Amino acid sequence: MSNWFEVDKAGLGKLLEKRGKAFALFELIQNAWDENTKRVNVRLEPVPGVRGFVEVYVEDDNPEGFKDLSHAFTLFAESTKKGDPEKRGRFNLGEKLVLALCERATITSTKGQVVFDKQGRRTTRQKRPAGTEFYGYMHMTRPELEEVLRQLRTIITPMGIETFVNGEQLNIPSPVQMGIKATLPTDVADEEGFLRKRVRETTIDLWMPRSWETGWLYEMGIPVVETGDKYHVNIQQKVPLNMDRDNVTPAYLQQVRTAVLNATFDLLKSEDANAPWVRNAVADKSAEAEATLKVMSLRFGDKRVIFDPSDPEANKLAVSKGYTVIHGGMLSGGEWENVKSAGAALPAGQVTPSPKPYSPDGQELNVIEEKDWTPGMRLIAEYAQDLGQELLGMRPSVLIANNITWPVGATFGPSGQLTLNLGRLGHKWFDSGIIPEVNQLLIHEFGHFYSLDHLSSEYHEALCELGARLTALALANPEFFRR
Ligand SMILES: Nc1ncnc2c1ncn2[C@@H]1O[C@H](COP(=O)(O)OP(=O)(O)OP(=O)(O)O)[C@@H](O)[C@H]1O
Ligand SMILES: [Mg+2]
């Protein structure tokens, strides 16, 4: 009987080539951190006289050492760590991938030693009183070594575990906020050993990337994927990872970003408001209302309204009053949902409504019947009709109303109905003959024969033309105005 699988070590090594060499060190360091370890020593030493080779040592002080030395060479054995969301290991693979990159290696621990070399694998009786040392003779060029050393400096060492690289203790970046509570998916094995997704409360630590770095996502101190976000985000439980340990799903990343935004929105600067991570978070259904409000204030200012297709003039009024008008395409679907549920912006029609001829409560016009008109009213009505004939080519019908609570002096539209409101214009306006105020009002109202929108160019053009026609009329027929 033979096993189902054989592993071609050289082939595996070639597949791993594209991942670079730093991952191997990350695998060894995280294995040491997963144990009861206080101190980890990493050494990388170019082999004197041999180009392209480096000796790698990773040593820890975990008193127990390897529980089962056969796990050093058994791919996918049941990892005891996979049921523990706060340990990094789960595949029982990492160590073997590292070995695939080595020409020869030894693992020396409390229960014995395994030697890997050209002849194959053998165990010896050599032991250490405590801790484990991994030694590997690995192909690594000078530039690869530089890259490994650079990446090792990006590690965020856990509290209570000192980690040294070539004698130098790895330092940590500056903390931003520690212990943010978040409920996130994690990978954890059930009783039968099957890895399952489970949602679990954990904590997140935020660190400020150093000046030469951008933000990364970390799993308990080991960098996983570059996010480009403002902070390094260090998740204190297993992150649902691919087998290469170098990516997460977009949905997971969005959940993390949302937790970060909810905890740090008061630290945001205006240059952050359009950052992809903020936009991603503020589109998430778990983004808090206050976070949405803050982001919208930074993006659009405190004076902002939503473009209102039902009231075109309101949008222009908003602009003229210094509001930013937010158009459909400026926010994603998720962002819109949050903006609306948080009330983070209102439609222009509610903030800067266009003047409405009829009061919102729909009050009836109190019309003054023609038989009750004063001589002044008769004169104005007749003048308005004659002027309409001259300037517009039609005689408007005139209605005089008396509504003090109606906030409008007059209305006119393409229907040709001119309504004058005594309640607003006052008796003096009607009883002083053809004063400039009368012409001013009629030009404004006659303009609406062409457009109802005060801020449209049609309306503006109409006013200019009416002014010109009125002047021409006055020059040709001054008697017209002497009433
Ligand atoms: N430094 C160490 N001290 C003690 N035990 C170790 C050490 N390194 C590895 N082991 C043991 O060897 C096993 C195999 O390690 P390996 O990295 O291959 O798998 P893993 O850590 O369980 O899972 P993953 O593939 O996700 O890393 C570990 O589960 C652990 O029990
Ligand atoms: Mg491991």
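**View 1. Ile 306 meets its bridge partner, Pro 347 of β16, in this predicted model.** Ile 306 sits in strand β14 (residues 304–306), which pairs with β16 in the parallel sense over 2 bridges. Strands here are DSSP runs of E with at least two residues, helices are runs of H or I with at least four, and both are numbered from the N terminus; two strands pair if DSSP finds at least two bridges between them. Residues are numbered from 1 along each chain as its sequence is written. Local features need pLDDT of at least 70 in this predicted model, side-chain atom pairs count only at pLDDT 80 or more, and totals for chains, interfaces and linings use all residues.

**View 2. Helices α2 (residues 22–33) and α4 (residues 142–152) cross at roughly 45°, their axes coming within 9 Å.** Axes are lines fitted to C-alpha atoms over the stretch in contact, and angles run from 0 to 180 degrees between N-to-C directions. The two helices are therefore oblique to each other, a word for angles that are not under 35 degrees (roughly parallel), over 145 (roughly antiparallel) or 65 to 115 (roughly perpendicular).

**View 3. Helix α5 (residues 250–264) gives the largest share of the lining of the largest cavity, 4 residues.** Among the lining residues are Thr 227, Tyr 231, Leu 253 and Trp 277. A cavity is a set of points on a 1 Å grid over the protein atoms alone where a 1.4 Å probe fits but cannot get out, and lining residues have an atom within 4 Å of a point.

Definitions and conventions
Chains are lettered from A and ligands numbered from 1 in the order in which they are written. Side-chain values use heavy atoms; hydrogens and water are left out. On a 1 Å grid over the protein atoms alone, a cavity is a set of points where a 1.4 Å probe fits but cannot get out, and a pocket is an open set with protein on both sides within 12 Å along at least five of seven lines; lining residues have an atom within 4 Å of a point.
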